[in-house]
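This report covers helix packing and a pocket. The structure comes first.

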Amino acid sequence: MSTTGRDLTRRLRLLLALGAVTTLALFAAYRGVHDDTVPLASSSTPGILAVDTAKTALQRAHAAVDGRGAAGDTTGEFHTQLSVAHQSIAVAASENVTGPADRHTLQTVTGLITVYSAWVERAGKETDPSLRAAYLHYAGQGRNDIVDRLDELRAGQVRVAREQASFPWPLWLGWGAVLVLCLVLCAALVEAQRFARLRFRSAVHPPLLAATVLCAGGVAVLGWFTVRAHAAMRDSLAELRTTRSPDEIPEAGADVGRYLADAGLWASLSEWIIVGGALLMALIWVGLWPRIAEYRFRAPR
């Protein structure tokens, strides 16, 4: 009695199950890495650099009035740098890198800047050098408090960026599972082609061959994109860890933008994994079901 139909059915079920599991594992592993590339590029990086800009602007503002006596600059450079600080804090707040704690800290900083500005304004209007020095002293303490809070906020933002750029053991495990499943699926596809060639005298089985190429090629391409993305995120984190001088902040932002220029493309490919998995299983079905159908209504012999 021929067992070809039963053997083909068993192989079809195995291949479809492997295809589904491999697709889901690849989707989860890929999203585990690339879901963080876009937030790192579009949120964490601008937020961290905005805090750097606010901090350096406050330092420049205080330098404009500190130690200049009664004629200290309280209307020109000071207000220009204070405006830069306010704008940068607004940018950092809009990025909301660390969540509610981020917003609370920035609201507090905004209030402290108002108090700091008031002390500086009073110093600028004071003609008594000793009183002016006292006001500037209080203003300096306020400025130090603001900078300390910004440093604390920046440390929290960098921690978030570090988590986004990390590759923890669950991701290693996930990608290891993907590679194992891909190898098993490709081996099963090759075995099914060999079985079909021996039973049906066909040198090539195009649908199964296409499914094998799709599986191996898809995992290889997506794995390469993941390696590139992880390297880009690691380089971006290195740029963000160090507090930059005012002249270096735009350069750091441009470097991160260059590293993560393809982040949106990488992340969007995750949607095509499901499509590719469906195509893979369709090729397996088209490759084996017509042969199985030939045996469904045959009497045993």
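## Helix H2 against helix H5

Axes here are lines fitted to C-alpha atoms, for helices over the stretch in contact, and angles run from 0 to 180 degrees between N-to-C directions. The model is predicted. In it, the axes of helix H2 (residues 37–65) and H5 come within 10 Å. They cross at roughly 165 degrees. Angles over 145 degrees count as roughly antiparallel, so H2 and H5 are roughly antiparallel to each other.

The crossing of H2 and H5 is left-handed. The contact of H2 with H5 has 17 nonpolar, 7 polar and 6 charged residues.

## Helix H4 against helix H5

Helix H4 (residues 100–125) also packs with helix H5 (residues 129–165): their axes come within 9 Å and cross at roughly 165 degrees. That makes H4 roughly antiparallel to H5. This crossing is left-handed.

Which residues of H4 meet H5? Among them are Leu 106, Val 109, Leu 112, Ile 113, Tyr 116 and Trp 119. On the H5 side, the residues include Tyr 135, Leu 136, Ala 139, Ile 146, Leu 150 and Leu 153. By class, the contact of H4 with H5 divides into 15 nonpolar, 3 polar and 6 charged residues.

## The largest pocket

The largest pocket holds about 350 Å³ of space. It is lined by 18 residues. Closest to its centre are Leu 214, Gly 218, Leu 222, Ile 273 and Gly 276.

Helix H1 (4–34), helix H7 (206–241) and helix H10 (270–296) each give two or more residues to this lining. The lining has 13 nonpolar and 5 polar residues, and no charged ones.

Conventions:
Residues numbered from 1 in each chain as written. Predicted model: local features only at pLDDT ≥ 70, side-chain atom pairs only at ≥ 80, totals over all residues. Heavy atoms only, no water. Helix = DSSP H or I, 4+ residues; strand = E, 2+ residues; numbered from the N terminus. Parallel < 35°, antiparallel > 145°, perpendicular 65-115°, else oblique. Left-handed = near helix turned anticlockwise from the far one by under 90°. Contact = heavy atoms within 4.5 Å. Nonpolar A, V, L, I, M, F, W, Y, C, P; charged D, E, K, R; others polar. 1 Å grid on protein atoms, 1.4 Å probe; cavity = no way out; pocket = protein on both sides within 12 Å on 5 of 7 lines; lining within 4 Å. Points joined across faces, edges and corners; volume = space filled by probe spheres on them.
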